[in-house]
Amino acid sequence: MLIGNVGKDPVVRYYDRDQAVASFPLATTERGYTLQNGTQVPDRTDWHNIVLSRGLAKIVEKYVHKGDKLYIEGRLHYRTYSDQKGIRHNVTEVYADNMELLTPKPTANNNTTEVADKTSSVGAPTF
């Protein structure tokens, strides 16, 4: 489970029979703190590669943008590839099974917001 902010607009790719896969980076931050001896420990931000497929990918395409706050549930997936120079790279991705939109969305009234409804892997969001 991760809660973080989208680092850049999702990239959505379509393949066989209108199936979609979306990917984007998600930043999670562990807040800094002060130790008992007065030492300051700074904030630490980690970046995660998120991958969503099928219905979730289509929801992401419509409603998720850079800076949005998301809740993600999923499983880790590891893969390797070699670049053009033959250098081998290891990649860790989170294959999302569930997602919730946490960023408030603007309503018809310009100055008010409401929290976006829960989105799951089965259905579309209710707005």
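**Exercise 1.** What volume does the largest pocket have?

*Solution.* Keep in mind that this is a predicted model. The volume of the largest pocket comes to about 230 Å³.

**Exercise 2.** Describe the lining of the largest pocket.

*Solution.* 
- Step 1: Begin with the residues. The lining holds 15 residues, and those nearest the centre of the pocket are Ser23, Phe24, Ile50, Val51 and Glu93.
- Step 2: Trace the strands. At least two lining residues come from each of S2 (11-15), S3 (19-30), S6 (44-53) and S8 (88-101). S3 gives the largest share, with 5 residues.
- Step 3: The lining is made up of 8 nonpolar, 5 charged and 2 polar residues.

**Exercise 3.** Where does aspartate 18 lie, and is aspartate 18 buried, partly exposed or exposed?

*Solution.* 
- Step 1: Aspartate 18 sits in the loop that runs between S2 and S3.
- Step 2: Its phi is near 65°, a positive value in a residue that is not glycine. For comparison, most residues other than glycine have a negative phi.
- Step 3: Aspartate 18 has a relative accessibility of 48%, so it counts as partly exposed.

**Exercise 4.** Which helix holds arginine 54, and why does arginine 54 count as exposed?

*Solution.* 
- Step 1: Arginine 54 belongs to helix H1, which covers residues 54-63.
- Step 2: Arginine 54 is not a glycine, yet its phi is positive, at about 55°.
- Step 3: The cut-off for exposed is over 50% relative accessible area. Arginine 54 counts as exposed because its relative accessibility is 54%.

Terms used:
Residues are numbered from 1 along each chain as its sequence is written. This is a predicted model: local features need pLDDT of at least 70, side-chain atom pairs count only at pLDDT 80 or more; totals for chains, interfaces and linings use all residues. Side-chain values use heavy atoms; hydrogens and water are left out. On a 1 Å grid over the protein atoms alone, a cavity is a set of points where a 1.4 Å probe fits but cannot get out, and a pocket is an open set with protein on both sides within 12 Å along at least five of seven lines; lining residues have an atom within 4 Å of a point. Grid points are joined across faces, edges and corners, and a volume is the space filled by probe spheres set on the points. Helices (H or I, at least four residues) and strands (E, at least two) are DSSP runs, numbered from the N terminus. Ala, Val, Leu, Ile, Met, Phe, Trp, Tyr, Cys and Pro count as nonpolar, Asp, Glu, Lys and Arg as charged, and the others, Gly among them, as polar. Buried means under 20% relative accessible area, exposed over 50%, partly exposed in between (1.4 Å probe, protein chains only).
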